[in-house]
Amino acid sequence: MATIDLAKLSVREANELIRKAGAAGEDVDVLNPDAKHHIGVGLVHDVNVHVRGSAGYFCAGLTDTARFEVDNNVGWGLADNMLGGTAIVHGNAGAIAGVANRGADIIVHGNVGSRAGQVMKAGNLICVGNASFMAGYIMYGGRIIILGESGEQVGQDMTGGDIIVGGRINSMGKDAALTDLDQADKDEILELLERYKISFNGTLQRIANDGKQLRYSRNEPRVRNIPFFEATGEAGYWNEKVLEDIHIKSQIGRYRIRGYGTTRPLPHFGDIAFRKDLSNIETDPKVLEKINLKTKIGDRMGGKPLELSMPVMIAPMSYGALSKSAKLALATASRLSGISENTGEGGMMDEQRAEADLLIYQCLSGRLGWSIHDMQRADALEIYISQGAKPGLGGQLMANKVTEQIAKIRGIPAGIDLRSPSRHPDVLGADDLVIKIEEFREATGYRIPVSVKLGAGRVRDDIKIACKDGFDYVSLDGLQGSTGAAGNEVLEFVGIPTLAAITEAVDALVEIGHPGELPIVLMGGIKTGVDAAKALALGASAVAVGTSALIAGGCISCLQCHVGKCVVGIATQDPEHEKRYNISAEAQNIHHYLESLRWQLAAITEGLGYDDVHKISRDDLVALTPEAAQITGLPYVPEYRERDRDLLSEAS
Amino acid sequence: MNVYDISRIAPCDAPSEFADDTSDIHFVPAPCQVACPIGTDAPSYIAYTWEGKMEEAFEAITATNPFSSICGRVCDAPCEPACRRADSDGPIAIRNIKRFVMDKLGQDYKPTAIEVTRKETVGIVGGGPAGLTAAKDLAEAGFEVHVYEMMDRLGGMMVWGIPTFRLPDGIIDEDLNRLTDRCPGIKVHLSCTLGKDITLDELKGKHDVVLLSIGAWGGKTMTALDVDDARVVNGVDFLRDINSGKRPDMPETVLVIGGGDVAMDACRAAKRLPGCKDVKVVYRRGPEEIPARREELEGAVKEDIEFIYNVQPVAVEDGANGFGLTCVKTELGDPDEDGRRRPIDVAGSEHFVAGGLVIVAVGQQTECESLEKAGMMDWDRVRTDWDSMRTDDPRVFAAGDGAFGGSTIVMAMQHGHRAAYYMKALLNGIDNPLPYRTPYRTRRVPVAQDAEWEVINRQHQEFKGLGDKPVEFPEIEVSYDGEAARNEAARCYRCDAETGSADYTVHSREDIFVMARADLSDMKTQKAILNKRLQSHDDPFQENHLPTLDDLIFLPANLSRLVIDPYRDPCNVKAKIAGRIDLTSPLVAAGFDAAPQEIREALGAGLAEHGSAYIGTKQLPSSVPWLQLAEVGKDPVSEKADGVLFIQTGGFKEFDVPALSDDQIIGLSVSKDDLSRAIPFALDNEFDVLLLNACPGNGDWPELVGNPDLSVIRDALRLLRAMNREEDIEILYFGGVRSGTDLAKIIGLGANGAALGASLGFALGGSKEGNTMTFSGDSSQSERAEAVALLMKSLSSEASIMARCTGKTDVHNIEPEDLRSITRITSEATGIQMPGKNALL
């Protein structure tokens, strides 16, 4: 038995000791907890932890197999994302008790706050007293037992699982309904209560999903892409695409969904140019040896940075949106090219972890496939707030991609049109986010970077918050970012272009007196070393490529990712289609593409007269269009357009 | 062949007379087209086939290919292995689609004849694919062309090398007839052999230029098998006999040496001849290396022909074991100079393979005694310079197998085009013509709109094999029927076509493809890619770019505002007009006064279903609330109207407001130029509503002219704000609202709601003709009404998604601050700032 006195130790020190004791199989007594946050976070051993008093936020959060007991009350996020084990609280629990539970038994002898069991997927959450509003909000599975009153809107937007109520049901949530509770279930529940020495002899009622909103009601007719329209002239206003859109919407009665990003022309990297004429530069064949491309990102708060061979990452894309094969090809290519891969929303696969040298693990609002074990084997964590393709919306995965396998890794029912929540259960504002980051750092012993993924909107404000909240870096995604599925209008019209995003981000840091302190990894329509060099010049520390890497690996840009029948086996979960994808050949292609990009970066750096890619600056750039000039603040020099117009014929 | 090299990034300039589209920024030749030696626009004919446009498909096929009917059956089809779908579930069966089209149209097509217009004449020796292709090009350029053919019919190896079970006689005639019909200037001299019936000097005397396309008619021999025995024959000779109609008796077992197309044809022909039971093909490398076209090989296997791999014959044997070959086993060593791994004999592996006839099919060579004597041969070929197609004699050109070794029909045609190009240059007195390259055209056919394109697997032609009477050589496969052809055509990726994304355009995509596939040490290609990506493009927002709602974007809530979940959190979209008319969403309909009665009926029903209202001069045949559009001083105010919006033609003038009943809404329809006078008037008279008309034109469908003038809403709001009366009158907007996003933007700019006109017209089955709309189609009235209701529901859902993305729970709370403009011109027209450097702090 180890005794830890929080009057003498910081939580960070305490958690290290708790984990050490756990590893040694020793039980732990926590004295003077004094409602401190994160007690026991990150513990994955089969030991007892007794908190003698009250605990703050995220008590027993991000843990597995341990047994927690708290004598008094706990703050919000009790047993956050607990994979297994038990957490017993003798007093009351704050909001989102048992959030994202994945298999633990969580018992609160008093009352629970609002949104108890939000996005939980398995296990039991037992509340002996009353629940506040929206218990079981967006739950995917498992069981919530409320022996007192249910609270308002119980089961709001639940997808799976059961809510058992022993007291009064105050009001039913959207898409939740009373269903029968048979004797066998009743016996099982009573047995469970007995196991935790809870006596109950009233009547139990069962609430489950009403099944009305799991799928879109009308299927969208499938059409192949017609060419994009250029934004000029009167004739284009009622163009073919507009008419197609009206016809389809007048058949389905809702917004349309598709894959990829914006389809119309926007101010972009092609609208800025290098001041120096790079067309005739003689590139040293050994340019790769001469130019420093190495990039370290993520040690702002003292963790182990990501050491990249060049300022490029693979952008976050989920297993789910993409096939396992495509994800593995990306992982292999990232390793071969010495850069990082990112899990995206869908959880981490063992094979992916093995293939990638540097793997960033992304945490989304639905906590799909989120696990303490994967956090602890990741090279960095990333909290997703939004993405460029659909800022303001959660991830979207259409039913034909939510297969049994995908459902299993994500912890959700199969065959639903998955619309991940747009808001984290425990991040309603900047202050919550600080505590959430802290929880992640506690869970991983402050060893790895924690970043934030932001779709570009009010960048000027958001970056300031991200900087002050203490992230190690920001993954900033412009309007041109792509996705596997999103509403067409959101893809086209929500968010600001990538050029504007980096400009506002860099300025924002200057405005709060922290110029350059928060590294920015820019993404959203970056295709080549030319785009990457321009992004770096504008102030990015690195870039990420998503769509381009997929194209290198065989994607044909048909924009039909959401259909789930990807013709080349990338954006599909259908085994018949996935088998069309040749993992090793495409991994080589993606690697080859990354190496070509590397050469371009080096050649440009050399051409501009530098020995380090990070020395490229705004001074090397000019704007070719009034829009690009206004957005970036670069000098408007349209003459450079003429200079660079026929580069190709000159070269050949 | 690598179709992902520098030629994809930076194709060299095409001669100006070429029909070539590589400078089109919305076109990159597809891998299949690049792999085709004559640049056939396969994507276009495939797409035409799907559309059922057979004549157009036929044109695309035959544009550069005079032997399209033949190629539909026996082309080597290098396009298919290059097809990008080959990496997925199998390449598009491009050749079969060609066959389908040519079966439909190849026989009866009568081309327009081209007359001779030039005085110079051309002599061509050899009427095979190379010679005849050149003949056609030259004849089409107006020259008289004389073709000297040693056999008694045209066609060369196409006739004498390919058995009729693969290529029936009629098919060859289709192409030849089409060619001679097209080019009466081609004069054919059959049974006329160079060096026997006519000499090169005579030809040079008769013609201004001469082309030697004499083919490679001699079968190569193997020293080990070079015996004088009738039981050892050459593959080329064997096929020539067969194709002249002979059907010789075969021994029970026939051995074929070799793994190329001649070997395949020989073994399959032997199998069909009387007496033959077994055919064995002996090939010195393995099944991976065998050069025969995959389909031919599979056909032979299906016909029970045995393949003996990794075996090399070393001697003919006729002893105790009977007649046959002594062979050794081989294994593969290091790559040869041609890149293929060299077979090495395995010591002590000698064994006997019995067979009553040995057919040697190990390659072809050119034989021409007279050219040999003239010193114009280089070993087994006519000495020819590839860059000019000339022989040692500046007026004598050469092409095809005879000049460059045995190859395919389609390669021979490329040689023909190429030679004709340089011959024309000489005849036209051009000294240094641009180097020839294959031209790449596109016919810009839309992508096939087939919903199953990702799913359909490769369609196979029905395989008949030997047939009931093998000796009659019935055709081995049956052409596609219409459905199979269409299904196969639907599978095409359309690598040539512009994508749906202005960011990942066809050029961007192909550049990335090349980055992923070009050799990293190939600095020329790498530099070309870099240069291409450094190259500037046109400003996407040029001077003719007009202010548009498309340029406005929404700012999402992230960290600085509470995120509202657009999938779940409620958002109000309901609206009211002047507190009296309830609307399900801030949408009404307007402008169907001139529409047909049944359209007006359906519209009325749809509006009622959605819970909307109508603005127009005439009431709809429906109970939906009606805001009468009444021309001042002309239209009497209707008692039936729920409200009256006054309108004046020819500009605003103050007027006496007619008396309305107490519960009628009163409003004014205004255009931009009238705002400064109309707004104070409307406010003074306590009007409820301003209908801002942003339509760019007049007439029944004023929205269809083009972009709405967004500055009307900017100016109206500025005037109201200056008077501090923004809340005193409601604003409805009319003009070019196409989506819920447009609606949300209009609300963000300051309107309370929008009127839909043309959008609903399209939903009702209207089509735009010029600046007006016509209605047709056979939809029922209830379907039309449903379309109206569903479109309004869609728009309402989109608008509420936009509101929630910006962090709002009510559509009406969208503000200018939630918007940004991506162009200066729209920023100016709407007063919405741009993002980035100059965004307000």
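In which loop of chain B does Asp304(B) lie? Asp304(B) sits in the loop between α14 (294-302) and β9 (306-308) of chain B; helices (H or I, at least four residues) and strands (E, at least two) are DSSP runs, numbered from the N terminus.

This is a predicted model, in which local features need pLDDT of at least 70, side-chain atom pairs count only at pLDDT 80 or more, and totals for chains, interfaces and linings use all residues. Residues are numbered from 1 along each chain as its sequence is written, while chains are lettered from A and ligands numbered from 1 in the order in which they are written.

**Two residues with positive phi**

Asp304(B) is not a glycine, yet its phi is positive, about 65°. Arg115(A), also a residue other than glycine, has a positive phi near 55°. Arg115(A) belongs to the loop between β6 (102-108) and β7 (122-127) of chain A.

| Residue | Other C-beta atoms within 10 Å | Class |
|---|---|---|
| Arg115(A) | 27 within 10 Å | buried |
| Asp304(B) | 12 within 10 Å | exposed |
| Val125(B) | 30 within 10 Å | buried |

**Chain A**

Chain A holds 19 helices and 27 strands. Its radius of gyration is 26 Å, close to the 26 Å that the globule rule gives for 652 residues, so chain A is as compact as a globular protein of that length. The radius is taken over C-alpha atoms, and the rule is 2.2 Å times the number of residues to the power 0.38. Along the principal axes, the C-alpha atoms of chain A fill a box of roughly 85 × 60 × 45 Å. Of the 652 residues in chain A, 65% are buried.

An automatic or database domain assignment divides chain A into domain 1 (2-209) and domain 2 (255-642). Taken over C-alpha atoms, the centres of domain 1 and domain 2 of chain A are 35 Å apart. Their contact takes 33 residues from domain 1 of chain A and 22 residues from domain 2 of chain A; two residues are in contact if their C-beta atoms, placed from the backbone, lie within 7 Å. Helix α1 (residues 11-23) of chain A supplies the largest share of the domain 1 side, 4 residues.

**Between the chains**

The contact of the two chains takes 124 residues from chain A and 101 residues from chain B. On the chain A side, helix α16 (residues 583-607) gives the most, with 10 residues.

**The nonpolar core**

A nonpolar core is a set of buried Ala, Val, Leu, Ile, Met, Phe, Trp, Tyr and Cys residues joined through C-beta atoms within 7 Å. The largest has 477 residues, of which Val521(A), Val543(A), Leu211(B), Val256(B) and Val788(B) touch the most other members. Helix α26 (residues 781-805) of chain B gives the most to this core, with 13 residues. Not counting residues up to four places away in sequence, Val788(B) touches Ala602(B), Leu603(B), Gly606(B), Leu607(B), Leu760(B), Ala763(B) and Leu764(B).

Val125(B) lies in strand β1 (residues 121-125) of chain B. With the same exclusion of residues up to four places away in sequence, the residues that Val125(B) touches include Tyr148(B), Leu194(B) and Leu211(B).

Notes. Buried ≥ 20, exposed ≤ 12 C-beta atoms within 10 Å, placed from the backbone.
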